[in-house]
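Please look over the sequence and the model shown here before reading on. The report that follows takes up charged pairs, a metal site and a nonpolar core in turn.

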Amino acid sequence: MTIMLTSLPYADTALAPVISAATLQTHHGLHHRAYVDNVNAAIKGGPHAIASLATIISAADAVQDHKLFNDAAQAWNHGFYWFSLCAGQQEPDAGLAAAIERDFGSLALLKEELVAQGMAHFGSGWVWLVRRGTALSVEQTHDAASFAVAGPGGDAVPLLVVDLWEHAYYLDYRNVRKNHLKQVIGGHLNWAFASENFARNAAWVYPDFI
Ligand code: MN
């Protein structure tokens, strides 16, 4: 068995012009694929050969195997990221909408906070909407760091993520990260997916094997 490259849950033209087909083809077909291929090469014949991706992330972190952790966490983060995006406008369900209003004031203010933290992030990483207990928060992680397994600082559940690595936007926006973030966060976040994650109150499970 090998860890699978998850399929995009939409056509590669579905997010254009905000995220072009060329960006999705490169990002999914080359970047995500490379992380998955690296994980599969690393685990082949070893103790994690039939482990889930989440288990591999935890095990690599525990023994400070940075190479395997980075590849495995990036594989998971990208799988989660594809589902965090969608073609059309969506709204949070009633449960998530109430939590957003309580913790951020409104969905518009939450979107502003996601853009602001995405802009404040130096270098490569991710900006997340997470649930900690009953509270929502916007949090950043650097490089490959992930909320796949409890996440930094404890039992956080990821609801949505936006990729801040330059490969996510450079073909379409060159160096202007802010325009990318405003367009993606403004119109292409999958609030139905976030609502499912909020209601489950447990991390999304990467569909591991092929
Ligand atoms: Mn990426």
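## Salt bridges

A search of the whole structure finds 3 salt bridges, the term meaning a side-chain nitrogen of Lys or Arg within 4 Å of a carboxyl oxygen of Asp or Glu. The model is a predicted one, in which local features need pLDDT of at least 70 and side-chain atom pairs count only at pLDDT 80 or more, while totals for chains, interfaces and linings use all residues. Residues are numbered from 1 along each chain as its sequence is written, and side-chain values use heavy atoms, with hydrogens and water left out.

One of these bridges joins the side chains of D71 and K67 at 2.9 Å, N to O; both residues lie in helix α3, 4 residues apart, which is about one turn of the helix. Helices (H or I, at least four residues) and strands (E, at least two) are DSSP runs numbered from the N terminus. D71 is buried, with a relative accessible area of 5%, whereas K67 is exposed at 55%; here buried means under 20% relative accessible area, exposed over 50%, and partly exposed in between, with a 1.4 Å probe and protein chains only.

A further bridge links E139 with R132 at 2.7 Å, N to O, where E139 counts as buried at 17% relative accessibility and R132 as partly exposed at 25%. The side chains of D103 and R102 also meet in a salt bridge, at 2.8 Å, N to O, and D103 is partly exposed at 29%.

## The manganese site

The manganese ion has as its protein donors H27 (NE2), H78 (NE2), D163 (OD) and H167 (NE2), which lie 1.9 to 2.1 Å from the ion. Donors are N, O and S atoms within 2.8 Å of the metal (3.2 Å for Na, K and Ca), and because water is not among the atoms, sites may look incomplete.

H78 belongs to helix α3 (residues 66-84) and H167 to the loop between β3 (156-163) and α6 (170-173), so this pair ties together parts that are 89 residues apart in sequence. H78 is buried at 0% relative accessibility, and H167 also counts as buried, at 18%.

## The nonpolar core

Of the 67 residues in the largest nonpolar core, L53, W76, L110, L129, L136, L189 and W191 touch the most other members. Such a core is a set of buried Ala, Val, Leu, Ile, Met, Phe, Trp, Tyr and Cys residues joined through side-chain atoms within 4.5 Å. The largest share of this core, 9 residues, comes from α3.

Leaving aside neighbours within four places in sequence, L110 is in contact (heavy atoms within 4.5 Å) with I100, F104, L129, V138 and W191.
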